[in-house]
Amino acid sequence: MPPVDSRKVASPIDPEEVLGRGWAQDFALGLYLPDVSLTHRGEGAERQVQLWDEGGTSVAIVDYGEWWRDRAVTVYGERDLWAELVGAYSA
């Protein structure tokens with residue numbers, strides 16, 4: 001179970017840019033972060049992506065609707081999984 005303490009931050013990039021490009025990009029991101037899984041939930045303005053690590057120690061939840069806002073990304077645990085995924089995308 002991930003820690004209950006969380007911190008909220010803004011996303012530096014639209015989640016659709018990182019995760020909406022198709023299977024080839026998803027495959028490449030998986031190579032960079034093989035221990036991270038993700039799932040989408042909700043639709044429209046309520047759409048979110050949740051990421052978690054295999055060890056169950058870190059989770060990130062990202063709001064698609066207003067991703068640029070200061071509190072759009074909620075990070076639990078030691079790792080900022082969204083920042084790691086954005087870093088892999090940027091590479």
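1. R69 counts as partly exposed, at 44% relative accessibility (buried is under 20% relative accessible area, exposed is over 50%, and partly exposed lies in between, with a 1.4 Å probe and protein chains only). R69 is the salt-bridge partner of E66, and their closest N and O atoms are 2.7 Å apart (the rule asks for a side-chain nitrogen of Lys or Arg within 4 Å of a carboxyl oxygen of Asp or Glu). E66 is also partly exposed, with a relative accessibility of 40%.

2. The model is predicted, with local features needing pLDDT of at least 70 and side-chain atom pairs counting only at pLDDT 80 or more, while totals for chains, interfaces and linings use all residues. Residues are numbered from 1 along each chain as its sequence is written, and side-chain values use heavy atoms, leaving out hydrogens and water.

3. The salt-bridge count comes to 6. One of them joins R47 to E16, with 3.2 Å from N to O. R47 lies in the loop between strand 2 (36–41) and strand 3 (48–53), while E16 belongs to helix 1 (residues 15–19), so this pair ties together parts that are 31 residues apart in sequence (helices, H or I of at least four residues, and strands, E of at least two, are DSSP runs numbered from the N terminus). Both partners are given as partly exposed: R47 at 26% relative accessibility, and E16 with a relative accessible area of 37%.

4. E17 is partly exposed, and its relative accessible area is 28%.

5. D14 is placed in the loop between strand 1 (6–9) and helix 1. The side chain of D14 reaches the backbone nitrogen of E16 at 2.9 Å (a polar contact is a pair of N or O atoms within 3.5 Å, one able to donate a hydrogen and the other to accept it within protein; residues adjacent in sequence count only through side-chain atoms on both sides). D14 itself is partly exposed, having a relative accessible area of 27%. Between the C-alpha atoms of D14 and V75 the separation is 17 Å, and these residues are 61 apart along the chain.

6. S58 occupies the loop between strand 3 and strand 4 (59–63). S58 counts as buried, its relative accessibility being 0%. From there, the side chain of S58 reaches the backbone nitrogen of R79 at 3.1 Å.

7. The structure holds 1 aromatic pair. W67 and W68 form this edge-to-face pair, with 5.9 Å from centre to centre and 85° between the planes (rings of Phe, Tyr and Trp, the last by its six-membered ring, pair with centres within 6.5 Å; planes under 30 degrees apart are stacked, over 60 edge-to-face, the rest tilted). W68 is partly exposed, at 47% relative accessibility.

8. Another tryptophan, W23, is located in helix 2 (residues 23–32). W23 counts as exposed, with 71% relative accessibility.
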